[in-house]
Every structure is written in structure tokens, then in C-alpha cells.
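Please keep the sequence and the structure in view while reading.

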Amino acid sequence: MELTPDPSSVRVDGPWTHRDVSANGIRLHVAECGEGPLVLLLHGFAGFWWTWRHQLPALADAGFRAVAVDLRGYGDSDKPPRGYDAWTLAGDVGGLIKTLGARRAHLVGHAWGGMLAWTVAALHPRLVSSVTAIGAAHPLAFKSAVKRTSSQIRAAGHLFRFQLPMAPEKWLVRDNAAAVEELFAKWSGETWRSSSDFTETLPPFRQAMLVPGVAHSALEYYRWAFRAQFRGEGRRFTDAVNARITAPVLQLHGADDTCILPETALASVHWAGPHSEPKLWPGIGHFPQLEDPDRVTKSVVDFTRGT
């Protein structure tokens, strides 16, 4: 029988400090290092705080206070039965910024974390200094592409499969979460996928998915996003985020991203704030922070210093 890991197993040792923070009525686990302006790092689907392990010490060395969080339902953070809607998730991030003692934060988000960063900037603009969206699109750019673009519909096939009850959870954790490695391989660029770093990077992500409650919680993000389109809350969310944000935006996207297609990400400029910069990187897939970590760090440092 396969053993499920304890949630504390995600607290990997390194040049960072692990602690628990109360925000928006739940407990969130964070890893942090450095002092200076707050850079809050938000992971995506099938990830956890450790996806930022390259950026955490590098941002600290550059003079920032870097904090990577396990989002609601992931890693060693609380996994409540509800609260996976965009309103509540944005409240988690806003509450975390305040609890960390900062007036504002530079938000850096990958995939779901990137869409969440866009959302926080729209709903809580006073808390956001800048947004860096990595392998991500604005929520309404993604919504439009899934409705109208056949290539993005195919790329987002998992979104529809994840609406089924129970079966996706079983698929995610089967064979020690082999599905996590399959998705990373499917969505990443060829260079990283073929490297030894890919092989060494994946085991912690697979183990983190096996933490009790994570698979279900991760899927609830997708289920709310899909079902909200047929409810009043979906229309209210569209109205709430359907304006240019006031914070500067940096978009870092892989030209070989097969999950969030480049054209979908680039359509996000419609909602971007002043001095916004989209950058498309050849040879990179859906995980720039892992595939080319030094380039991501330099881009984030240069951008945040200028905002």
C-alpha cells in the first residue's frame, strides 16, 4: 500500500525560513528569505512553493524580501472544503500581504498563480505594486480563447476533464502521482524536458500532490472557474476584472507553451496597466521559472526595481 506523505514533508530545507501565517481566515505556509520590498510568489497547478526555489535566494540577494506561499489547498497550507473561487483566493493573497506587514507587494505568479495575480491587482489595487505573469494569461483573455479558439480549446482539454467527480483525483494520485510528471513533460519545452534537471525536479512535485487533500483542492480551482461561467458570480467576476489594472505588468511566456498558448497570453495586454512588457521566449515551455530560472530572476529583478 502506498503511504501518503505528511503535509510537513513539503518544508524542504534551504536558505529560507518556513513559517505559518494566518490570512483571510485560514493558515498559509510560506517560505521566505531576504529583506526589502515584498515580492510575493504564487505557484500554479500541480505546484507548491518549491517551484520558486531558484528565485527565492536570488531575489533576496538582489535586495528583496521574497516570500513563496503554498496557496489554499496546496502543500502545508490549510485545505478547507470551500473557498476556491477567485474572490476568496484573491482575499487570501490580500490578507497575506497585510499579515506579512507590508503595505504593498510585487506579485509574481505562474499559471493559476499568474491569473490570481491579475485578479488581486484588479480587486485590491492598493495592495499591488506590480504584476509579473509567468506562463499565464489574464482570466478574461483565457476565457475568451477557450470559448473561441480551437487550438486553445484543445490545449485546455484538462479543464473539461477535471469537471468529472472523483475520477480526476484518482488519476492525479495514481502510481505515486505519475500524472504530475506526465503533465510537466507535456507542457514544458524540449530542452528542459530532456535534461537531468527535469528528472531531478519532478519527485518533490509528485510527492506534494500525494499530500492528503491536495489533489481535490487543486481541482476545485478548475471546477469553480468552469461552473462560474453559468452562474451570476461568473458574470460579476467578469465585470470586476474587465478593466485595465493600474499596476505595471510584465509577462514572461514560453513560445513552446502548450498549456496556455502564446497568442492567448499576448491577448492579455488589453487589460495590462502602464509600462507593461510582454516577453516571448523561444525554446521555453509552460514553466519558465524552472526551465530558465536565471533569466526569469533577472527579468523580475530588473522589472520590479523599475516600478
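In which helix is N176 found? N176 is found in helix α7, residues 167-187; helices (H or I, at least four residues) and strands (E, at least two) are DSSP runs numbered from the N terminus. The model is a predicted one, in which local features need pLDDT of at least 70 and side-chain atom pairs count only at pLDDT 80 or more, while totals for chains, interfaces and linings use all residues. Residues are numbered from 1 along each chain as its sequence is written, and side-chain values use heavy atoms, with hydrogens and water left out.

**Positive phi angles**

N176 is not a glycine, yet its phi is positive, near 55°. With a relative accessible area of 38%, N176 is partly exposed; under 20% counts as buried, over 50% as exposed, and values in between as partly exposed (1.4 Å probe, protein chains only). A111 is likewise a residue other than glycine with a positive phi, about 55°. The loop between β5 (105-110) and α3 holds A111, and this residue is buried, at a relative accessible area of 9%.

**The nonpolar core**

In soluble globular proteins, nonpolar side chains tend to be buried together. A nonpolar core is here a set of buried Ala, Val, Leu, Ile, Met, Phe, Trp, Tyr and Cys residues joined through side-chain atoms within 4.5 Å. The largest such core has 107 residues, and L40, F45 and F184 touch the most other members. Helix α10 (residues 214-227) is the main contributor to this core, giving eight residues.

The contacts of F45 (heavy atoms within 4.5 Å) include the aromatic residues Y74, W112, F162, W187 and Y222. F45 also touches L172, L183 and A218, when residues up to four places away in sequence are not counted.

Helix α10 also contains S217. S217 counts as buried because its relative accessibility is 2%. Under the exclusion of residues up to four places away in sequence, S217 touches G73, K79 and Y84.

All six residues of strand β7 (residues 249-254) are buried, so the strand is largely enclosed by the rest of the structure. V249, Q251 and H253 point one way from β7, whereas L250, L252 and G254 point the other way. Strand β4 (residues 65-69) is mostly covered, with five of its five residues buried. One side of β4 carries R65, V67 and V69, and the other carries A66 and A68.

The table lists the pairings of these strands; two strands pair if DSSP finds at least two bridges between them.

| Strand pair | Sense | Bridges | Residues opposite each other |
|---|---|---|---|
| β6 (residues 128-134) and β7 | parallel | four bridges | I134 and L252 |
| β7 and β8 (residues 277-281) | parallel | five bridges | Q251 and P278 |
| β3 (residues 38-42) and β4 | parallel | five bridges | L42 and V69 |

**Pockets**

Pockets are found on a 1 Å grid over the protein atoms alone: a pocket is an open set of points where a 1.4 Å probe fits, with protein on both sides within 12 Å along at least five of seven lines, and its lining residues have an atom within 4 Å of a point. Grid points are joined across faces, edges and corners, and a volume is the space filled by probe spheres set on the points.

The largest pocket has a volume of about 660 Å³. Its lining comprises 37 residues, and W112, M115, F142, L159 and A225 lie nearest its centre. Helix α4 (139-148) gives the most to this lining, with six residues. Other elements that each supply at least two residues include α2 (86-99), α3 (112-123), α6 (157-161) and α11 (232-241). By class, the lining of the largest pocket has 26 nonpolar, eight polar and three charged residues. For these classes, Ala, Val, Leu, Ile, Met, Phe, Trp, Tyr, Cys and Pro count as nonpolar, Asp, Glu, Lys and Arg as charged, and the others, Gly among them, as polar.

The second largest pocket has a volume of about 170 Å³. Among the residues that line the second largest pocket are R82, Y84, D85, E220, R223 and W224. The lining of the second largest pocket divides into three nonpolar, one polar and six charged residues.
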